Amino acid sequence: MSWYKPTDVGFSARRQLADLGQGARLFVRLLFTLFSSLKRFGLIRDQIHFLGNYSLAIIAVSGLFVGFVFGLQGYYTLQRYGSSEALGLLVTLSLVRELGPVVTALLFAGRAGTSLTAEIGLMKAGEQISVMEMMAVDPVLRILAPRFWAGVITMPLLAAVFSAMGIIGGWVVGVLMIGVDAGSFWSQIQGGVDVWKDVGNGVIKSVVFGFTVTFIALLQGFEAQPTPEGVASATTRTVVVASLSVLGLDFILTALMFTI
Amino acid sequence: MQRSKNDVWVGLFVLIGAVAILFLALQSANLLSLSFQKTYQVTAKFDNVGGLKPKAAVRSAGVVVGRVEKMVFDDKTFQARVTLALESRYAFPKDSTLKILTSGLLGEQYLGMEPGADDKVLTAGDTISSTQSALVLESLISQFLFSKAADGSADADKTKK
């Protein structure tokens with residue numbers, strides 16, 4: 001493979017395009033599985049348990065510490081301008097609008113996305129997926145769809161937990177430790193945060209990230225080379241591609257939602 | 001559908017997520033304060049609304065009695081026409097005045113309603129005409145500078161004589 005031979009360049013461009021097309025087709029297929037997988041909700045429930053419950057601790061603790069740091073840094077900057085009462089508003093808006101959905105998605109990609117990719121990649125390496133196809137069981141419907149919808153359901157819940165824990169963390173540092181007035185801390189938040197514009201758009205963001213991260217993890221696992229190295233590199237790609245897509249998508253979503 | 005012990009844990013997880021969303025909605029965004037009170041609409045004309053925003057509070061004696069609904073520019077009078085939604089349980093005299101005030105030094109702007117003495121009360125569709133515009137810092141400074149300059153020239157005239 002060399003970049004100056006036209007045939008090689010053409011071959012790799014074709015392969016990239018084919019990968020993209022395959023990914024898009026899988027995504028559309030997964031979208032259409034919504035009703036048939038809701039009929040077997042037990043499968044989704046087990047995946048929510050695996051993806052959600054086991055991620056809860058890392059998400060809650062990270063949220064709390066991000067809130068602590070925000071409380072300290074925000075107070076340091078705001079008290080220069082004599083407006084340390086706005087600390088609550090600063091913490092809440094940054095968490096609800098941006099950090100909650102984005103950091104949750106990044107953590108989710110690392111905590112749950114990798115395990116999805118590795119699981120499916122190893123199923124493929126062990127030829128379990130081929131066996132299912134032999135038995136006329138659709139692996140997309142039986143294996144991918146429950147994980148996909150579980151990820152989509154789990155992400156907004158985790159993001160909400162992250163933001164709520166972050167606000168509590170900001171409150172602990174700001175009000176309990178530094179001594180910002182509790183009344184103005186909450187009233188600034190309540191005056192400045194809009195339910196639909198801020199909280200609602202944050203939830204929409206986290207749903208979009210749920211689709212993105214879960215789908216990328218499943219795709220990388222499903223398309224992995226069925227070898228130990230293949231599974232390893234697929235797991236790495238999951239983290240890299242998912243993180244970059246989340247950050248890129250976040251910019252686009254923010255530009256769409258919060259301008260004007 | 002068979003029940004497994006996962007059910008309990010998943011239920012707990014979903015419950016925690018729901019509580020978090022509820023916390024965000026109620027505690028931070030104060031969904032409860034969105035009043036479902038019946039309101040009546042009154043318009044007011046301002047020369048300058050400054051930084052007033054839709055949904056800003058209308059306060060009388062410091063208590064929120066309504067919200068700013070929308071603000072449009074009137075190209076007949078070249079004024080801002082502000083529509084207010086006042087809560088129906090409060091009645092105000094027809095000659096009440098409105099002021100644009102600021103809460104705190106850097107706070108949000110809101111409308112202050114000062115009741116008049118008229119026997120008749122404001123009803124839906126009425127217009128409040130006695131209003132006081134927002135303070136615009138630039139015009140305040142330029143007024144100050146002009147008056148200084150006027151003083152200075154007056155002093156100069158005195159010394160000439």
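Visitor: Leaving aside neighbours within four places in sequence, which residues of chain B is Val161(A) in contact with?
Guide: Keep in mind that this is a predicted model. Within chain A, Val161(A) is in contact with Leu56(A), Ile59(A), Ala60(A) and Gly63(A). From chain B, its contacts are Ile16(B), Gly17(B) and Ala20(B).

Visitor: Which element gives the largest share of the largest nonpolar core?
Guide: That core has 66 residues, and Val161(A) is one of the members that touch the most others, along with Ala105(A) and Phe148(A) among them. Elements giving two or more residues include helix H3 (41–78) and helix H6 (139–178) of chain A, together with helix H1 (6–28) of chain B. The largest share, 19 residues, comes from H6(A).

Visitor: How many residues are in the other core, the one with Val42(B)?
Guide: This core lies apart from the largest one. Its members include Val42(B), Leu84(B), Met113(B) and Leu122(B), and the count is 22 residues.

Visitor: In which sense do strands E5 and E8 of chain B pair?
Guide: Take the partner E6(B) first: E5(B) pairs with E6(B) in the antiparallel sense over six bridges, with Ile100(B) opposite Leu111(B). On E8(B), Thr131(B) stands opposite Leu98(B). E5(B) and E8(B) have two bridges, and their sense is parallel.

Visitor: Which helices do the buried residues of H9(A) pack against?
Guide: The buried residues include Val231(A), Ala234(A) and Val246(A). They pack against two helices of chain A, H4 and H8.

Note on methods:
Residues are numbered from 1 along each chain as its sequence is written. Chains are lettered from A and ligands numbered from 1 in the order in which they are written. This is a predicted model: local features need pLDDT of at least 70, side-chain atom pairs count only at pLDDT 80 or more; totals for chains, interfaces and linings use all residues. A nonpolar core is a set of buried Ala, Val, Leu, Ile, Met, Phe, Trp, Tyr and Cys residues joined through C-beta atoms within 7 Å. A residue is buried if 20 or more other C-beta atoms lie within 10 Å of its own, exposed if 12 or fewer, and partly exposed in between; C-beta atoms are placed from the backbone. Helices (H or I, at least four residues) and strands (E, at least two) are DSSP runs, numbered from the N terminus. Two residues are in contact if their C-beta atoms, placed from the backbone, lie within 7 Å. Two strands pair if DSSP finds at least two bridges between them.
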